Amino acid sequence: MTTSTLRPVIRRQHSQPSRDGDGVAIQRLHDFGGGIDPFLMLDELIAAPENDAIGGFPPHPHRGIQTLTFVLHGGLRHEDHMGHRSSIGAGDAQWMHTGRGIIHGETPFTDDQGLHAFQLWLNLHSRDKMSAPTYRDVQAAEMPQHTQDGATLTALGGSWQVLDGKRLDGPLDALAGQGAVAHLRLDSEASLSLSNTATTLLALVFAGSLDANGDSIAQGELATFGPGDTLTLTGREATQLLLLAGEPHGEPIAHHGPFVMNHQHEIEQAMRDYRDGSLAVSPA
């Protein structure tokens with residue numbers, strides 16, 4: 001007979017207000033010390049419906065990370081040095097593998113419910129930090145869903161296994177650190193159980209509150225789960241959360257602004273490359 005082990009909450013972090021760019025309020029969670037490896041940062045982006053003059057985030061560089069942006073309301077327009085120009089709206093996502101360097105800008109826009117989006121940073125393994133940059137949009141219709149008794153799980157990327165049920169494979173299948181990202185909606189008192197043994201398993205509650213294997217998680221909290229194989233989530237009220245899973249790189253992290261490398265001298269090289277214009281130039 002197979003027995004399951006519930007994964008306990010072993011750490012809690014609270015989002016903090018921040019501001020980058022123009023016209024967007026940010027609730028930020030981050031850990032550049034390896035505590036949520038392979039993840040680095042998660043921003044919740046918010047603007048009111050009447051805010052129709054959002055400047056957003058003008059062109060800026062990145063090296064050494066991936067970003068995943070997921071939109072609930074409103075949207076973002078993306079443009080980068082490689083010629084990608086696109087927009088994502090409600091339910092859509094975009095993924096950017098910055099590798100050795102991308103220069104991009106993002107302009108948010110609102111709908112009748114304003115702007116509500118998330119941007120996740122994933123750390124790249126050292127072997128991939130100077131790889132070729134790539135970019136991809138994913139539409140809401142491409143994301144598989146599982147609906148069960150007031151619970152709806154949407155898989156953005158990686159694999160998610162419903163306990164005693166089906167497996168959902170999100171379209172973003174190249175997330176760093178074997179990463180997986182999902183959006184879960186729970187009606188009040190609705191529950192969903194998942195089978196998950198990823199070393200890093202996180203839940204960010206951004207609306208409502210829930211019980212997770214007997215532990216409570218409040219709005220604005222990022223919970224880290226300990227070892228085990230089963231996660232049962234129950235909404236105390238109408239609740240929404242993001243689920244993140246992955247495998248740590250276990251490597252040194254050096255961070256400065258938009259650059260994340262393994263060592264300080266690599267950060268200094270990234271800044272020189274950006275200043276002299278070579279960061280976004282493909283090697284011969």
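Two strands are said to pair if DSSP finds at least two bridges between them, and strands here are DSSP runs of at least two residues, numbered from the N terminus. In this predicted model, the idea applies to strands β14 and β17, which pair in the antiparallel sense over six bridges, with T152 standing opposite R185 in β17.

**Strands β13, β14 and β17**

- Strand β14, which covers residues 151-157, is largely enclosed by the rest of the structure, because six of its seven residues are buried.
- Besides its pairing with β17, strand β14 is joined by four bridges to strand β13 (residues 145-148), and these two strands run antiparallel.
- The strands β13 and β14 form a hairpin that has two residues between them, and D149 in the turn has a positive phi of about 50 degrees.

**Strand β19 and its partners**

- Strand β19, made of residues 200-207, is mostly covered, since seven of its eight residues are buried.
- One partner of β19 is strand β24 (residues 239-246), to which it is joined by seven bridges in an antiparallel arrangement, and here L201 stands opposite A245 in β24.
- Another partner of β19 is strand β22 (residues 221-225), which is joined to it by three bridges and also runs antiparallel to it, with L202 standing opposite T224 in β22.
- In a regular strand, the side chains alternate between the two faces of the sheet.

**Nonpolar cores**

- The largest nonpolar core has 28 residues, and those that touch the most other members are W160, F225, L233, L241 and L243.
- Strand β17 (residues 180-186) supplies the largest share of this core, which amounts to four residues.
- Apart from this core lies another one, of 26 residues, and L68, W95, L124 and V181 are among them.
- When residues up to four places away in sequence are not counted, L241 touches A182, H183, L184, L186, A203, L204, V205, F206, L210 and L233.

**The largest pocket**

- The largest pocket has a volume of about 360 Å³, and of the 18 residues that line it, D20, R28, M41, H60 and W121 lie nearest its centre.
- The elements that give two or more residues to the lining of this pocket are β3 (25-30), β4 (39-47), β5 (57-62) and β11 (115-123), and the largest share, four residues, comes from β5.
- By class, the lining of the largest pocket divides into eight nonpolar, six polar and four charged residues.

**Cavities**

- Rolling a probe the size of a water molecule over the atoms shows where empty space is left.
- The count comes to three cavities of 30 Å³ or more, and the largest cavity has a volume of about 40 Å³.
- The residues that line the largest cavity are L42, L68, F70, F118, L120, L156, V181, L242 and L244, and the elements that give two or more residues to this lining are β6 (65-73), β11 and β24.
- The lining of the largest cavity has nine nonpolar residues, with no polar and no charged ones.

- H73 has its place in strand β6, and it counts as partly exposed because its relative accessibility is 22%, which falls between the limits of under 20% for buried and over 50% for exposed.
- Leaving aside neighbours within four places in sequence, H73 is in contact with A90, D111, Q113, G114, L115 and H116.
- H73 and G91 are 18 residues apart along the chain, and their C-alpha atoms are separated by 7.6 Å.
- M96 has its place in strand β9 (residues 93-97), and with a relative accessible area of 1%, which is under the 20% limit, M96 is buried.
- Leaving aside neighbours within four places in sequence, M96 is in contact with H62, I65, Q66, T67, H78, I102, H104, T134 and Y135.
- M96 and E142 are 46 residues apart in sequence, and from C-alpha to C-alpha they are 17 Å apart in space.

Conventions: Residues are numbered from 1 along each chain as its sequence is written. This is a predicted model: local features need pLDDT of at least 70, side-chain atom pairs count only at pLDDT 80 or more; totals for chains, interfaces and linings use all residues. Side-chain values use heavy atoms; hydrogens and water are left out. A nonpolar core is a set of buried Ala, Val, Leu, Ile, Met, Phe, Trp, Tyr and Cys residues joined through side-chain atoms within 4.5 Å. Buried means under 20% relative accessible area, exposed over 50%, partly exposed in between (1.4 Å probe, protein chains only). Contact means heavy atoms within 4.5 Å. On a 1 Å grid over the protein atoms alone, a cavity is a set of points where a 1.4 Å probe fits but cannot get out, and a pocket is an open set with protein on both sides within 12 Å along at least five of seven lines; lining residues have an atom within 4 Å of a point. Grid points are joined across faces, edges and corners, and a volume is the space filled by probe spheres set on the points. Ala, Val, Leu, Ile, Met, Phe, Trp, Tyr, Cys and Pro count as nonpolar, Asp, Glu, Lys and Arg as charged, and the others, Gly among them, as polar.
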